[in-house]
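Visitor: Please take me through one part of this model in detail, the place where the two chains meet. I would also like some context on the chains themselves.

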Amino acid sequence: MMAGAPGDFGSYWQATLDALAAYPAAAQIEPIPLRTTAFATMYGVHLTSIGPYRIFAYLSIPTGKGPFPAIYYAPRYQSVMQPAPQGTASLQRSRYITLALAARGYRNADKPYAASFPGLLTEGIDSGGTYIFRGIAADCVRGLDFLLTRPELDPRRVVVAGNDMALITAALHPSATHAVATPELFHDTLARAAKTAAYPLEEINDYLRLYPERREAVGRTLSYFDLRAFAPRVRAATLIMAGAKGSALDARALSPVSDGLEGAVTVRESERSSYKDGLFAESWIAAQCGIGDVRSILPEAWAKAASP
Amino acid sequence: MPEPAQRRFRSKVRKPKDFDDYWNDVRTRLEAIPLAPEMAPDPLRSTEDVEVFQSSYTSLDDVRIAGWYCRPRGAAAKLPAILTFPGYQSEPAIPKDLARKGYAALSVAVRGKLRSNGQFNPGYPGLMTHNIIDRHTYGYRGLFADAWRGVDFLLSRPEVDPGRIGITGQSQAAGLSVVTAAVRPVIKAAAIGAPFLCGFLDAIALTRTTPYDEINDYLRMYPEHRDAVEETLPYFDCLNFAGKVACPIIVNAGLQDNIAPAETAYALIDRLGSADKRLYAYDGQGHEAGRDGPHRAIVDEFFARHLQGTEGKA
């Protein structure tokens, strides 16, 4: 356990998982013909998470005989969760099951609660019991619960990808075999917020500027979400996508997280290029999942540039 | 560096004969609607040096459009201003950074974005093909009008110098910037990157990534509508607005852009009407197109020269 992690860190999260387990997922699955291709079928999935609250996910199943590896896209810090991150080659869906989760507040899961951006990062932040990310973490676990029920899935190749929520999901759900995480929110949040005026961390500064007396409470809440505390629980093979060298979240800054991970870890520092970083991540996932011809499922602009 | 292969690309986009008539009609309808600008201070987002306001105005079809308006606190003189927009899937940023550089800045939540989606909410995915077989109701018709109205909002502000208004954005925001600079000559300078909405019909053949691939999804499901889609999209293609852009403009593009193909950025620069235009093409870059590196300083210097220097003043 990291220094500074609350003594009830484990019980806080166990109570969250217990609360989640009390609700059946009640999965409702509907085909989406508009997003279905010759190589993959798309579905919309509604699930129940803690609250109770209905969340949404896009599920894509490759055509053909499985089992298939899966990429589970945990929600990033944006209002929209598309079937795959913007710019992903559609052909990725020919080789992987993909599941993209819209957590509570995100579009398609925004009734009755519609999240604000900015605003989500401080929603209910005065208490660990009310902080919105407790529910979002539970939503992420519920999405992985659902994915594991799919008969087409190869449970030995389950990659969870995203920002901090990918790592938190892998920590809370031992069935994630791999994780690709680009931390942005929950590593040393208060200290990093004090050094930036950029959103989303500026949300923390905005909040504490208006409510300075709540700093201690905010700090305590955030301590339940600090990646350093989750790291020893992550047994998945993990790729950490760090910021560029010298940035606030470069490999050195993230070393308390990456060094603490229980599973095998690869740390990649950004080259400030979504092309180079994206190509590395896609290649890493493919290699981990035994897919040899990654170029065939890359965006056209990347595949051309990567050709010998 | 040898000339990149994307430079040799030739767009197939052609301008409809009634393109100007179509948009003149939209503009006439828009001008008949009162702007009804409103601003409310946002104490939560304001700082010692920047005042932040939640703004709103009325646009086409009487849709209320939200935004974030920022200005440097305590400015004594008229301010240069910068207008900006969100990307396809992102929400509008609060432009405190621009205010800190001395600009009044409006970041528009075009229809469909949070706070502007009560009357129009096509979804993401969804916007790209919303009523795509009918140019009179295609989703981007309203978004373009929302962007133009952002200029009207800035002109309504007494602290804004109407002779020093610039426009900027990446991706979808770049496309919206092009159509705005084209129809609002009050725009004095434009800095855009990774331009989206340029060469729709080219892009859906060049790439199979979202958001453009939404159109391919649609055509796969409704092949009988291909002619109608191909008839609608040229009315909304920024390449067909580009010739009317007369202000100084810089464009940054990533040669490995997986969302807005670099080929279409070259098509745009070729068609821009401005005598003062420059494309910065970054090899090894994707959709960020150099923005996370040296290009940020280039944009800062460009606006400082055109909006804060003597040559940009009215």
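Guide: What follows goes from the interface to the chains and then to the salt bridges within them.

This is a predicted model, in which local features need pLDDT of at least 70 and side-chain atom pairs count only at pLDDT 80 or more, while totals for chains, interfaces and linings use all residues. Residues are numbered from 1 along each chain as its sequence is written, chains are lettered from A and ligands numbered from 1 in the order in which they are written, and side-chain values use heavy atoms, with hydrogens and water left out.

The size of an interface is often given as the accessible area lost when the parts come together. Here chain A and chain B bury about 3,500 Å² between them (buried area being the accessible area, with a 1.4 Å probe, that two parts lose on being put together, summed over both). Carbon and sulfur atoms carry 48% of that area. On the side of chain A, Arg35(A), Gln86(A) and Arg107(A) lose the most area to chain B, together 19% of what that side buries. The contact (heavy atoms within 4.5 Å) draws 44 residues from chain A and 44 residues from chain B.

Six salt bridges are counted between chain A and chain B; a salt bridge is a side-chain nitrogen of Lys or Arg within 4 Å of a carboxyl oxygen of Asp or Glu. Arg35(A) pairs in this way with Asp217(B), at 3.0 Å from N to O.

In chain A, helix H5 (202–210), helix H9 (274–288) and helix H10 (300–306) each supply at least two residues of the side that touches chain B. H5(A) gives the most, with six residues. Helices (H or I, at least four residues) and strands (E, at least two) are DSSP runs, numbered from the N terminus.

As for the chains, chain A has ten helices and nine strands, and its C-alpha trace spans about 55 × 45 × 30 Å along its principal axes. Chain B has nine helices and nine strands, with a C-alpha trace spanning about 60 × 50 × 35 Å along its principal axes. Of the 308 residues of chain A, 58% count as buried; for the 314 residues of chain B the value is 66%. Buried means under 20% relative accessible area, exposed over 50%, and partly exposed in between (1.4 Å probe, protein chains only).

Over all chains the structure holds 45 salt bridges. Within chain A, Arg150(A) and Glu152(A) form one at 2.9 Å, N to O, and Arg150(A) counts as buried because its relative accessibility is 17%. Within chain B, Arg305(B) and Glu301(B) form another, with the closest N and O atoms 2.9 Å apart. These two are four residues apart in helix H9 (residues 295–308) of chain B, so about one helical turn separates them. Arg305(B) is partly exposed at 34% relative accessible area, and Glu301(B) is partly exposed at 42%. Finally, salt bridges that share partners join Glu202(A), Asp206(A), Arg209(A), Arg45(B) and Lys96(B) into one network.
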